[in-house]
Amino acid sequence: MLIAGFPAGAWGTNCYVVAPAAGEECVIIDPGHLAVQGVEDTLAKHRLKPVAVILSHGHIDHVASVVPVCGAHDVPAWIHPEDRYMLSDPEKALGRAIGQPLMGELTIGEPDDVKELADGAALTVAGLEFSVAHAPGHTRGSVTFRLPETADIPSVLFSGDLLFAGSVGRTDLPGGSMAELYESLARVCLPLDDSTVVLSGHGPQTTIGRERAANPYLGEVARGPGAGDPAPRRGL
């Protein structure tokens, strides 16, 4: 298994390129703001051929480069239907204008081929099988992608902006809900093995075991919601 990641753009959003091995087909996860060069450098370094872009949610910091990346390689983009509108209307998703200088750098709109993700789906692309889980809270259409454990690596959860090392995604933007985020944490994250590697939308790699022990939000979920925000949250 090959997983290459890099932080991109103004928000340091993690973009991941995933393949069974070097020299094979691959999937690109969350090509965000100013991610194009990083994607192309990663593809060239590992001799990879992209076959799809998959998106954890529709916020601009995760999708800003989806049009040029999909267009350059003639591949589809997968997104949950409840976040699809954000591809062509990112300002509505933020509840405010994000500023002309930033907007001037972006190619807003849908790529030519958009496919919709469904909760519980097994998404088979590039010889990989991702388990898709709808995980609203940060946005209505947030999803996670999980790869199963193999002989070489433990299970991997691409958590988007649901779960970070020591924190979770913000819920104060349109479509956000702390109650739904707690429910998603309980349903999607808590049942996973402690060895599951978590690769999130921002910040460093962690594991479910580490977050179960130290993340105040997962502790709050385990005790039951209602005690308020235990720590600052992250993401756009």
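Okay, quick definition before we start: when I say accessible area, I'm talking about values from the Shrake-Rupley method with a 1.4 Å probe. With that in hand, the chain exposes about 9500 Å², and carbon and sulfur atoms supply 49% of that area. Keep in mind that what you have up there is a predicted model.

So, the overall picture. We have 236 residues, and 54% of them count as buried. The chain holds eight helices and 14 strands. If you take contacts with a separation of 6 or more, 63% of them come from residues 24 or more positions apart.

Let's go to the sheet. Six strands make an open sheet, and the order is S7-S8-S9-S10-S13-S14, with mixed pairing. At the edges you'll find S7, which is 122-125, and S14, which is 206-207; each of those pairs on one side only.

Now zoom in on S9, residues 143-147. On one side, S9 is joined to S8, residues 128-134, by four bridges, and the two run antiparallel. If you want to find that pairing on screen, look for Val-143, the bridge partner of His-134, and then Arg-146, which is partnered with Ser-131. S9 also pairs with S10, residues 156-160, again in the antiparallel sense, this time over three bridges. Arg-146 turns up here too, standing opposite Leu-157 in S10.

Next, the nonpolar cores. The largest one has 28 residues, and the members that touch the most other members are Ile-28, Val-39, Leu-48, Val-53, Leu-55, Val-66 and Leu-87. Several elements each supply at least two residues to this core, among them strand S2 (13-19), strand S3 (25-29), helix H1 (36-46) and helix H3 (66-73). Which strand gives the most? That's S1, with four residues.

Let me pick out Leu-48. Leaving aside residues up to four places away in sequence, Leu-48 touches a list that includes Leu-2, Val-17, Ala-19, Cys-26 and Leu-43. Glu-24 and Thr-42 are also among the residues Leu-48 touches.

Last stop: there's a second, separate core, with 22 residues. Tyr-16, Ala-52, Leu-123 and Ile-153 are included in that one.

Methods
Residues numbered from 1 in each chain as written. Predicted model: local features only at pLDDT ≥ 70, side-chain atom pairs only at ≥ 80, totals over all residues. Heavy atoms only, no water. Pairing = 2+ DSSP bridges. Core = buried A, V, L, I, M, F, W, Y, C linked by side-chain atoms within 4.5 Å. Buried < 20%, exposed > 50% of the residue type's maximum accessible area, 1.4 Å probe, protein only. Contact = heavy atoms within 4.5 Å.
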